[in-house]
Amino acid sequence: MRFERELSSKTTFNSRVSWNERENGTSEQVDTARFYLSLKRKIGTRTSVSISYDRADRDSDRINDDYKENRISLSFSIDL
């Protein structure tokens with residue numbers, strides 16, 4: 001599921017939520033949930049800056065295959 005909203009003429013908010021269930025040939029199941037938030041701001045005609053947060057949570061039947069991940073990113077973009 002995805003949601004995008006323009007907060008102003010220069011600021012955009014994005015969010016995504018996903019769930020993935022997978023079973024391999026040996027009947028081992030892997031479930032992964034992801035959550036993402038982003039805020040992007042135009043600072044010029046061809047430049048922008050954004051900050052985002054990404055969360056992943058994986059549950060697996062395989063030994064040592066579970067994990068939780070939190071990621072924060074800061075990006076600067078120039079359109080050429």
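## Salt bridges and strand pairing

Glu-69 is partly exposed, with 26% relative accessible area; here buried means under 20%, exposed over 50% and partly exposed in between (1.4 Å probe, protein chains only). The model is predicted, so local features need pLDDT of at least 70 and side-chain atom pairs pLDDT 80 or more, while totals for chains, interfaces and linings use all residues. Residues are numbered from 1 along each chain as its sequence is written, and side-chain values use heavy atoms, without hydrogens and water.

A salt bridge is a side-chain nitrogen of Lys or Arg within 4 Å of a carboxyl oxygen of Asp or Glu. The count by this rule is 4; the table includes three of these pairs.

| Pair | N to O distance |
|---|---|
| Arg-2 and Glu-4 | 3.5 Å |
| Arg-34 and Asp-54 | 2.8 Å |
| Glu-69 and Arg-71 | 2.8 Å |

Arg-34 is partly exposed at 30%, whereas Asp-54 is buried at 15%. Arg-2 is exposed at 55%, and Arg-71 is partly exposed at 39%.

Strands (E, at least two residues) are DSSP runs numbered from the N terminus, and two of them pair if DSSP finds at least two bridges between them. S3 (residues 29-42) runs antiparallel to S2 (residues 11-23), joined by 13 bridges, with Asn-14 opposite Ser-38. These two strands form a hairpin with 5 residues between them, where Ser-27 in the turn has a positive phi of about 65 degrees. S3 is also antiparallel to S4 (residues 47-60), again through 13 bridges; 4 residues lie between them in a hairpin, and Phe-35 stands opposite Arg-55.
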